[in-house]
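Thank you all for coming.

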Amino acid sequence: MDSISIWQSTDDGVRSYPRLTENISANALVVGGGIAGYLTAYRLAEAGRKVVLIEGYRLFSGTTGHTTAKITYHQGSVYPKLVKSYGVSVAKRYYEAQVSGMRDILALTQEHSIDCDWRVMNGYIYSSDGGEETKRIYCAMSEAGIKTELEHSSTPAGDFLTVRAENQYAFHPLKFLRALPVHFDIYENTRAIKFDVKKKTVYTEEGSVHADLIVIATRYPTIDEYGSYFMRLRPSMSYTVAVSGAACGATYLDAREEGLSVRPYDGGVTVGGYDRRTGTGDMHAFLGLRAVAARMFGDKVVVAEWAAQDCMTFDGVPYVGCYSPELRDIYVITGFNKWGMANSATAARLIADLADGRENPFEELYSPTRRRKGTAGGFIRNAVRSVAYLITGNLHYPLSTSRSIAPGEGKVVRLHGKKRAVYKEPGGRLYATEAMCPHLHAEVKWNSETQTWDCPCHGSRFDKFGNVISAPAHCNLRSHTRLAEESASKKKEKAKSKTE
C-alpha cells in the first residue's frame, strides 16, 4: 500500500469490521468504503433502509485516506472550462453543488458535535506560469456570480496574482467519518468480484449480497459491460508530503494540473502536487516535494508522504446517477477530478433522492448520460493512450532479467522465458507475478514512489506482491514467485559448483 498519510497516522478511532462469509440480502448495497460510499450509506440508512456497505480492504484506505481534505468550491480551472463548454448557468450550478456539499458536511459536524480539526480560512488560486490563467478563472467565477477577489498575494510559492475566496473549509476526514453514527452494516476485506445485474446480486470471495438498490462507489466503476466508463475516465495520481512545525493561514493552489497544493493541518502543513496519469513516468515526486517544502518553510521535518489516485472526467464534473440507461436501480459515483470532499456529500444526497424518487437540483448536472461538450479532444487522447498501452504492453518482450533489478525495486523482466513483473526485496528475495493487469490485459508499471504495480490504462493498482489494492481489477496478479525462487536456487547451486 501507499505510505501512511497524516490522517491515517493520527486516526484514533480505527475499528475493525468483519469479512463477509455468507449470502445476505439488504434493501441497499454500497460497494466502496471511501467518503462517497460511506456518506451514501449514511443517507440511505437515514431514510430507513437496511443498508450494507462492503469494502475490498479497510474503510478509508483508498483516496479518502490520502486526500488533501479541502472542502471548497475554489477548484482551479473548472469554472472557465464549464463556462466555455456549457455556459455560465452550468458553471453557477456546479458552484451551487459545491456549496451544498460544504453545508452538508458542516451541518453533520455540528449535529453530531464532531471534533475533526475543522478550519475556516481563505483559499487562494494562482498560476505560476503567468497571470492569464488566474484572470481567466476570476472572470469565469465572476460571470457565474461567485464572490471572489482578484488581488496580488504572498503565497508560500512566491508573490502572485491570485483569486481569493473566503470561508473555505479544511478538516481531518477520518476523524469526521469515524464520528458519524453508523446505522448500516459494514464488511471490510470484502471485495466485489462479480456482478449479476439482472438478479441484483454482488458476489464476493466468500459470500454474496442481494439488494434492491446497488451503488458502485469504488473510485473506478467496476461493471465493464455497461456505461463505457473505461473510455470516459482518466486515472491520475498525485503526491503529498506533511511537514511538521510549518505554518500557513490559508489554502493555496497552483491552477496548473501538475501545480502545487498547500494547506495547514493540526501540527504543520501539507504540500502536494506532481499530478500525472497513473502508471506513467518516474518523477521522484516525494524527493521533489521535500525540496519544494524546504524552500517554502525552511528546514522542517517531513513526517509523512503519500500518494492519492482519482478519476478525471473530460468536462470537470463527476458522474453521479444511474449507472447506465439499461440498468435499473443501479447507481454510480465516480470522477471527482480530485475534488471529492464537497462532491461526495452532494453525491450522497443525490443518490438518496434518486432512490426515493425525489427531485434533486443537481441530477442533470451530474448525470452520467449528460450530453458532454468540449470533451472530444480529451476523450480521443485518452482513448488513443489507453489503446497504445494495451498494444505496446502486449507486444513488449523484455530482454533484461531479474539481475537488472535493484534491491527494493520492481521491474518487468524475462523469467524462465516469460514476461513477469518481479519485485526484489532488499535482501535479494524475488516475488514474481503476471505482468498483465487482469482487468483488460495491459502491462503494469512499477511505481518506485509507492512501491506498487500500477496499470496506466484504467488505474488498477497492486502492491509489490501482486495483491490488488485498487479497482477496476477484481483479482490479484497471478503469482509466479515459486518459479522465481527455483530460478534463484538453481543459480546459487550453479555458482557453488563452479567455485568447487
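Predicted model: local features only at pLDDT ≥ 70, side-chain atom pairs only at ≥ 80, totals over all residues.

Residues are numbered from 1 along each chain as its sequence is written, and side-chain values use heavy atoms, with hydrogens and water left out.

The helices I name (H or I, at least four residues) and the strands (E, at least two) are DSSP runs, numbered from the N terminus. Helix α5 covers residues 132–143, and its 12 residues reach 16 Å from the first C-alpha to the last, close to the 16 Å expected at 1.5 Å a residue, where the expected span is 1.5 Å times one less than the number of residues. The buried residues of α5 are E133, T134, I137, A140 and M141. Seen down the axis of α5, these buried residues fall within an arc of 130 degrees, so they line one face of the helix; the arc is that of the directions from the helix axis to the C-beta atoms. An α-helix has 3.6 residues a turn, so residues three or four places apart point the same way.

What covers that buried face? The cover of the buried residues includes α3 (78–86), β4 (119–126), β5 (149–155) and β6 (158–170), contact here meaning heavy atoms within 4.5 Å. Just after α5, G145 takes a positive phi of about 80 degrees.

Turning to α3, 7 of its 9 residues are buried, so this helix is largely enclosed by the rest of the structure. The buried residues are V78, Y79, P80, L82, V83, S85 and Y86, and they pack against α4 and α5. After α3 comes G87, whose phi is positive, near 105 degrees.

How do α3 and α5 meet? Their axes come within 8 Å and cross at roughly 65 degrees, the axes being lines fitted to C-alpha atoms, for helices over the stretch in contact, with angles running from 0 to 180 degrees between N-to-C directions. On the α3 side the contact is made by Y79, P80 and V83, and on the α5 side by E133, R136, I137, A140, M141 and E143.

Finally, some positions in loops. S113, in the loop between α4 (88–111) and β4, has a positive phi of about 50 degrees although it is not a glycine, and at 66% relative accessibility S113 counts as exposed. K200 lies in the loop between β8 (192–196) and β9 (201–204); its phi is near 50 degrees, again positive in a residue other than glycine, but at 18% relative accessibility K200 counts as buried.

A250, in the loop between β11 (234–244) and β12 (251–254), is buried, with a relative accessible area of 3%. Leaving aside neighbours within four places in sequence, A250 is in contact with M121, N122, Y124, V262, R263 and P264. The peptide bond from A471 to P472 is cis, with omega near 20 degrees, and P472 sits in the loop between β24 (468–470) and α12 (481–499).

Notes: Buried < 20%, exposed > 50% of the residue type's maximum accessible area, 1.4 Å probe, protein only.
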